[in-house]
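I opened this notebook to record what I looked up in one model, entry by entry.

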Amino acid sequence: MSIAAFGGLVFQGGLIKGTPLSEYSVSFGVNTDKQEQQTGKPATLVKGAQLSTIAFTIHLMKTLGVNPESVIAQAQKLCEAGVPYPLIIGNKPASTNRFLLTAVSIDDTYLNGAGKILSTKMKLQFEEFVKEGTKQTSISGVASSSAPGVSSISATDGYKVTTVSGDDKAGLKREFVSMAGE
(Lines give C-alpha, C1' and ligand atoms only; values in the text may rest on other atoms or scores of the structure.)
Protein backbone atom coordinates (compact mmCIF):
# COMPACT_ATOMS: atom_id res chain seq x y z
CA MET A 1 0.00 0.00 0.00
CA SER A 2 1.53 3.30 -1.15
CA ILE A 3 1.29 6.20 1.30
CA ALA A 4 3.09 8.77 -0.87
CA ALA A 5 5.05 8.92 -4.12
CA PHE A 6 7.14 11.55 -5.86
CA GLY A 7 9.50 11.22 -8.83
CA GLY A 8 10.50 7.61 -8.20
CA LEU A 9 10.39 7.82 -4.40
CA VAL A 10 7.61 5.55 -3.17
CA PHE A 11 6.79 5.30 0.52
CA GLN A 12 4.78 2.25 1.50
CA GLY A 13 2.99 1.34 4.70
CA GLY A 14 2.98 -2.09 6.30
CA LEU A 15 5.59 -4.27 7.94
CA ILE A 16 7.63 -4.93 4.79
CA LYS A 17 9.12 -1.80 3.25
CA GLY A 18 7.34 0.13 5.98
CA THR A 19 7.96 3.86 6.03
CA PRO A 20 5.46 5.44 8.44
CA LEU A 21 4.45 8.99 7.56
CA SER A 22 3.82 11.69 10.17
CA GLU A 23 3.66 15.47 10.64
CA TYR A 24 1.69 15.83 7.38
CA SER A 25 0.80 19.47 6.69
CA VAL A 26 -0.73 21.41 3.80
CA SER A 27 -0.72 25.17 3.38
CA PHE A 28 -2.65 27.26 0.88
CA GLY A 29 -3.95 30.81 0.77
CA VAL A 30 -4.54 33.90 -1.30
CA ASN A 31 -2.19 36.79 -2.20
CA THR A 32 -3.53 40.22 -1.29
CA ASP A 33 -2.31 43.79 -1.43
CA LYS A 34 -3.48 46.75 0.63
CA GLN A 35 -4.33 49.96 -1.24
CA GLU A 36 -4.32 53.18 0.77
CA GLN A 37 -7.36 55.42 0.55
CA GLN A 38 -7.76 59.06 1.54
CA THR A 39 -10.33 58.23 4.21
CA GLY A 40 -11.18 55.06 6.07
CA LYS A 41 -9.55 51.70 6.00
CA PRO A 42 -7.30 50.57 3.16
CA ALA A 43 -8.90 48.59 0.35
CA THR A 44 -7.89 44.97 -0.18
CA LEU A 45 -6.88 43.84 -3.67
CA VAL A 46 -7.00 40.08 -4.22
CA LYS A 47 -4.18 39.09 -6.56
CA GLY A 48 -4.88 35.35 -6.75
CA ALA A 49 -4.16 32.04 -5.11
CA GLN A 50 -0.81 31.29 -3.48
CA LEU A 51 1.15 28.21 -4.38
CA SER A 52 0.29 25.30 -2.10
CA THR A 53 2.97 23.78 0.09
CA ILE A 54 2.97 20.26 1.51
CA ALA A 55 5.36 18.82 4.09
CA PHE A 56 5.61 15.51 5.86
CA THR A 57 8.09 13.37 7.74
CA ILE A 58 8.97 9.82 6.73
CA HIS A 59 10.46 7.40 9.27
CA LEU A 60 13.18 5.34 7.61
CA MET A 61 14.05 2.20 9.59
CA LYS A 62 16.48 -0.49 8.54
CA THR A 63 14.55 -3.03 10.67
CA LEU A 64 11.54 -2.56 8.36
CA GLY A 65 13.55 -3.40 5.24
CA VAL A 66 14.45 0.14 4.18
CA ASN A 67 17.97 1.29 3.33
CA PRO A 68 17.93 4.85 4.77
CA GLU A 69 21.17 5.91 3.03
CA SER A 70 19.85 5.09 -0.47
CA VAL A 71 16.48 6.80 0.17
CA ILE A 72 18.26 9.92 1.45
CA ALA A 73 20.58 9.95 -1.58
CA GLN A 74 17.61 9.60 -3.95
CA ALA A 75 15.74 12.43 -2.19
CA GLN A 76 18.84 14.64 -2.39
CA LYS A 77 19.13 14.04 -6.16
CA LEU A 78 15.44 14.87 -6.69
CA CYS A 79 15.73 18.04 -4.61
CA GLU A 80 18.90 19.31 -6.28
CA ALA A 81 17.60 18.51 -9.79
CA GLY A 82 14.74 20.99 -9.36
CA VAL A 83 12.39 19.03 -11.62
CA PRO A 84 8.66 19.07 -10.86
CA TYR A 85 6.75 15.77 -10.58
CA PRO A 86 3.22 14.83 -9.59
CA LEU A 87 2.92 14.37 -5.82
CA ILE A 88 0.76 11.39 -4.94
CA ILE A 89 -0.70 11.11 -1.44
CA GLY A 90 -2.84 8.06 -0.64
CA ASN A 91 -3.01 6.97 -4.33
CA LYS A 92 -4.43 10.38 -5.40
CA PRO A 93 -2.64 13.41 -6.87
CA ALA A 94 -2.26 16.22 -4.33
CA SER A 95 -3.16 18.77 -7.04
CA THR A 96 -3.75 19.10 -10.75
CA ASN A 97 -0.32 20.78 -10.81
CA ARG A 98 3.07 19.19 -10.24
CA PHE A 99 5.27 19.88 -7.20
CA LEU A 100 8.92 20.70 -6.59
CA LEU A 101 10.82 19.05 -3.75
CA THR A 102 12.21 22.22 -2.16
CA ALA A 103 13.86 20.91 1.01
CA VAL A 104 14.99 17.66 2.62
CA SER A 105 16.12 17.50 6.22
CA ILE A 106 17.30 14.55 8.32
CA ASP A 107 16.66 14.43 12.05
CA ASP A 108 16.59 12.03 15.01
CA THR A 109 19.14 9.68 13.42
CA TYR A 110 20.50 6.52 15.05
CA LEU A 111 23.79 5.06 13.79
CA ASN A 112 25.30 1.64 14.37
CA GLY A 113 28.93 1.00 15.36
CA ALA A 114 30.04 1.15 11.70
CA GLY A 115 28.44 4.57 11.18
CA LYS A 116 25.53 3.23 9.10
CA ILE A 117 22.07 4.71 9.63
CA LEU A 118 19.73 2.36 11.50
CA SER A 119 16.78 4.75 11.63
CA THR A 120 16.08 8.39 10.90
CA LYS A 121 13.31 10.87 10.24
CA MET A 122 13.42 12.54 6.84
CA LYS A 123 11.30 15.68 6.42
CA LEU A 124 10.29 16.50 2.85
CA GLN A 125 8.95 19.92 1.83
CA PHE A 126 7.16 20.47 -1.47
CA GLU A 127 5.89 23.56 -3.29
CA GLU A 128 3.30 23.56 -6.04
CA PHE A 129 4.78 24.25 -9.48
CA VAL A 130 2.92 26.27 -12.11
CA LYS A 131 4.77 26.80 -15.38
CA GLU A 132 5.53 30.45 -16.18
CA GLY A 133 2.81 32.02 -18.29
CA THR A 134 0.27 29.34 -17.36
CA LYS A 135 -3.01 30.51 -15.91
CA GLN A 136 -4.67 28.06 -13.54
CA THR A 137 -8.33 27.68 -14.46
CA SER A 138 -9.45 25.11 -11.93
CA ILE A 139 -8.58 23.98 -8.46
CA SER A 140 -8.27 20.24 -7.78
CA GLY A 141 -10.16 19.34 -10.93
CA VAL A 142 -13.27 21.33 -9.98
CA ALA A 143 -14.47 23.85 -12.54
CA SER A 144 -13.91 27.33 -11.21
CA SER A 145 -16.24 30.29 -11.28
CA SER A 146 -15.22 33.92 -10.97
CA ALA A 147 -14.48 33.14 -7.33
CA PRO A 148 -13.69 29.47 -6.61
CA GLY A 149 -16.02 28.03 -4.01
CA VAL A 150 -18.68 30.65 -4.68
CA SER A 151 -21.56 29.77 -6.97
CA SER A 152 -23.94 32.32 -8.41
CA ILE A 153 -24.01 35.56 -6.45
CA SER A 154 -25.59 38.69 -7.85
CA ALA A 155 -24.81 42.17 -6.61
CA THR A 156 -26.32 45.53 -7.37
CA ASP A 157 -24.25 48.58 -8.22
CA GLY A 158 -23.56 50.06 -4.80
CA TYR A 159 -22.24 53.33 -6.26
CA LYS A 160 -25.24 53.94 -8.58
CA VAL A 161 -22.98 54.65 -11.55
CA THR A 162 -24.94 55.48 -14.68
CA THR A 163 -23.72 55.05 -18.20
CA VAL A 164 -24.09 57.77 -20.82
CA SER A 165 -24.56 57.10 -24.52
CA GLY A 166 -22.32 58.76 -27.12
CA ASP A 167 -25.05 61.21 -28.20
CA ASP A 168 -25.73 62.39 -24.64
CA LYS A 169 -22.04 62.67 -23.93
CA ALA A 170 -21.54 65.47 -26.48
CA GLY A 171 -24.21 67.56 -24.77
CA LEU A 172 -22.58 67.15 -21.37
CA LYS A 173 -19.17 68.53 -22.38
CA ARG A 174 -18.05 71.87 -20.95
CA GLU A 175 -17.19 74.68 -23.24
CA PHE A 176 -13.73 76.27 -23.15
CA VAL A 177 -13.84 79.80 -21.89
CA SER A 178 -10.71 81.83 -22.46
CA MET A 179 -9.26 83.61 -19.45
CA ALA A 180 -7.49 86.16 -21.66
CA GLY A 181 -10.54 88.44 -21.69
CA GLU A 182 -11.59 88.25 -25.30
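**Entry 1: the sheet**

I traced an open sheet of four strands, ordered E3-E6-E10-E9, with antiparallel pairing. Strands pair here if DSSP finds at least two bridges between them; strands (E, at least two residues) and helices (H or I, at least four) are DSSP runs numbered from the N terminus. E3 and strand E9 (98-111) stand at the edges with a single partner strand each, so one side of each has no neighbour in the sheet. I noted that neighbouring strands of this sheet are turned by 15 degrees against each other on average, direction ignored. Helix H1 (residues 68-81) packs on the sheet and touches strand E6 (53-61), E9 and E10. The direction of H1 makes about 20 degrees with that of E10; axes are lines fitted to C-alpha atoms, for helices over the stretch in contact, and angles run from 0 to 180 degrees between N-to-C directions.

I recorded the basis of these entries: the model is predicted, local features need pLDDT of at least 70, side-chain atom pairs count only at pLDDT 80 or more, and totals for chains, interfaces and linings use all residues. Residues are numbered from 1 along each chain as its sequence is written, and side-chain values use heavy atoms, with hydrogens and water left out.

**Entry 2: E9 and E10**

I found eleven bridges joining E9 to the antiparallel strand E10 (residues 117-129). Aspartate 107 has lysine 121 of E10 as its bridge partner.

Which side chains meet in a salt bridge? I found those of lysine 121 and aspartate 108, at 3.6 Å from N to O. The rule asks for a side-chain nitrogen of Lys or Arg within 4 Å of a carboxyl oxygen of Asp or Glu, and by it the count comes to one salt bridge. Lysine 121 lies in strand E10 and aspartate 108 in strand E9, so the pair ties together parts 13 residues apart in sequence. Lysine 121 is partly exposed at 28% relative accessibility, and aspartate 108 is partly exposed at 36%; buried means under 20% relative accessible area, exposed over 50%, and partly exposed in between (1.4 Å probe, protein chains only).

I then turned to threonine 120, also placed in strand E10. Threonine 120 counts as buried at 2% relative accessibility. Its side chain makes a polar contact of 2.7 Å with the side chain of threonine 109. Such a contact is a pair of N or O atoms within 3.5 Å; within protein, one must be able to donate a hydrogen and the other to accept it, and residues adjacent in sequence count only if both atoms are side-chain atoms.

**Entry 3: asparagine 97**

I located asparagine 97 in the loop between strand E8 (92-93) and E9. Asparagine 97 counts as buried at 17% relative accessibility, and a polar contact of 2.8 Å joins its side chain to that of glutamate 128.

**Entry 4: serine 25**

I placed serine 25 in strand E3 (residues 21-27) and noted it as partly exposed, at 36% relative accessible area. Leaving aside neighbours within four places in sequence, serine 25 is in contact (heavy atoms within 4.5 Å) with Thr53, Ile54 and Ala55.
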